[in-house]
Amino acid sequence: MSVTTEITEFLQDVVQAMGLDLTPSIEETDDATRINLVGEDGGVLVRRGGEGLQALQHLAATAFRRQLGDDNRIVIDCNGFRKDKDAELKQMALHLVSKARSSGMPREMGPLNPYERRIVHLAIAEDPGATSESIGDAFMKTVIISTRK
Amino acid sequence: MSVTNSGDVSPIRAVLEVVVRALVDRPESVRVTETERRGMSVLELRTSPEDMGKIIGRQGRTAAALRTLVAVTAEKHGKRAQLDIKD
């Protein structure tokens, strides 16, 4: 059984135990396997900035860490909530690049969690004239976005 | 899909058991009890001592995620709940 199937079954068990009517839909992207939980009960996971979804993501990643290895990334979403947030984050990062460029001053973004920082770093890496760097030693870090002269 | 649980296991306890059993090396040692205290569900979680570190996680992140999931499930069922991790 593939790790994606195992995680999907785990998520089905969890949402059923919670009493939520949500159905997983799997999408493979270049970057990760996304399991999107779809249904009208999604609000429970998405409210308060998606803290329930975040918890579920951490617990699934921890439980299946060994099977996932270093190369497989799994992203758990609910009604596309995370996908929308990821797109906003990327837009914000690119907006700060243009502000850094026009002002000549670095811009700060965050504090962000590791998942969010990864999205920002990948977005910035697409622009050869811009760099990004994480500052701090806690779980949440600020990302400094600079442009080359 | 049926959303009722078999027997008298509450959704909060059911969720905790499913998730904790997936996290540990010795799922057969996982014990969850649930009691009512002043309108609040109190869940006590016990695992084999070797599995305690997995339940707590680095900087307590796994324990925090378990508490969030317990709270979210309780909220869905109009309740409040507290998780005690017994070591």
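Which residue forms a salt bridge with B:Lys54? In this predicted model, the partner of B:Lys54 is B:Asp25, and the closest N and O atoms of the two are 2.8 Å apart.

B:Arg46 is partly exposed, with a relative accessible area of 37%. B:Glu44, by contrast, is buried, because its relative accessible area of 18% is under 20%. Over all chains, a search of the whole structure finds 16 salt bridges.

## The interface of chain A and chain B

Contact between the two chains involves 23 residues of chain A and 25 residues of chain B. The size of an interface is often given as the accessible area lost when the parts come together. For chain A and chain B, about 2200 Å² is buried between them, and 66% of this area is on carbon and sulfur atoms.

The interface of chain A and chain B has 4 residue pairs in polar contact, both residues being at pLDDT 80 or more. On the side of chain A that touches chain B, helix H1 (3-18) and helix H2 (43-63) of chain A each supply at least two residues. H2(A) gives the most to this side, with 11 residues. By class, the side of chain A that touches chain B comprises 11 nonpolar, 5 polar and 7 charged residues.

## Charged pairs between the chains

Side chains of opposite charge can pair when their charged atoms come close. Between chain A and chain B the count is 3 salt bridges. One of the salt bridges in the model is formed by the side chains of A:Arg47 and B:Glu75, at 2.8 Å from N to O. This pair crosses between chains, from helix H2 of chain A, which holds A:Arg47, to helix H3 of chain B, which holds B:Glu75. A:Arg47 is partly exposed, with a relative accessible area of 34%, and B:Glu75 counts as partly exposed at 32% relative accessibility.

B:Glu75 also forms a salt bridge with A:Arg48, where the closest N and O atoms are 2.7 Å apart. A network of salt bridges links A:Arg47, A:Arg48, A:Glu51 and B:Glu75.

## The two domains of chain A

The domain assignment divides chain A into domain 1 (3-79) and domain 2 (85-147). The C-alpha centres of these domains of chain A lie 26 Å apart. In contact with one another are 6 residues of domain 1 of chain A and 6 residues of domain 2 of chain A. Between them the two domains of chain A bury about 420 Å², of which 32% is on carbon and sulfur atoms. A:Asp31, A:Gln54 and A:Arg73 supply 61% of the area that domain 1 of chain A buries against domain 2 of chain A, more than any other three residues.

The count between domain 1 of chain A and domain 2 of chain A is 2 salt bridges. A:Arg34 and A:Asp86 meet through their side chains in a salt bridge of 3.5 Å, N to O. The side of domain 1 of chain A that touches domain 2 of chain A has 1 nonpolar, 2 polar and 3 charged residues.

## Backbone geometry and a buried threonine

A:Gly110 and A:Pro111 are joined by a cis peptide bond with omega of about 10°; A:Pro111 lies in strand E4 (residues 107-112) of chain A. A:Arg48, a residue other than glycine, has a positive phi near 50° and is found in helix H2 of chain A. B:Gln59 is not a glycine, yet its phi is positive, at about 55°. B:Gln59 is found in the loop between helix H2 (52-56) and helix H3 (61-76) of chain B, and counts as exposed at 70% relative accessibility.

Is A:Thr33 buried or exposed? At 10% relative accessibility, A:Thr33 counts as buried. A:Thr33 is found in strand E2 (residues 33-38) of chain A, and a polar contact of 2.8 Å joins its side chain to that of A:Glu28. Beyond its neighbours within four places in sequence, A:Thr33 is in contact with several residues, among them A:Thr4, A:Ile26, A:Arg73 and A:Val75.

Key: Residues are numbered from 1 along each chain as its sequence is written. Chains are lettered from A and ligands numbered from 1 in the order in which they are written. Side-chain values use heavy atoms; hydrogens and water are left out. Domain bounds come from an automatic or database domain assignment. Contact means heavy atoms within 4.5 Å. Buried area is the accessible area (1.4 Å probe) that two parts lose on being put together, summed over both. A salt bridge is a side-chain nitrogen of Lys or Arg within 4 Å of a carboxyl oxygen of Asp or Glu. Ala, Val, Leu, Ile, Met, Phe, Trp, Tyr, Cys and Pro count as nonpolar, Asp, Glu, Lys and Arg as charged, and the others, Gly among them, as polar. A polar contact is a pair of N or O atoms within 3.5 Å; within protein, one must be able to donate a hydrogen and the other to accept it, and residues adjacent in sequence count only if both atoms are side-chain atoms. Helices (H or I, at least four residues) and strands (E, at least two) are DSSP runs, numbered from the N terminus. Buried means under 20% relative accessible area, exposed over 50%, partly exposed in between (1.4 Å probe, protein chains only).
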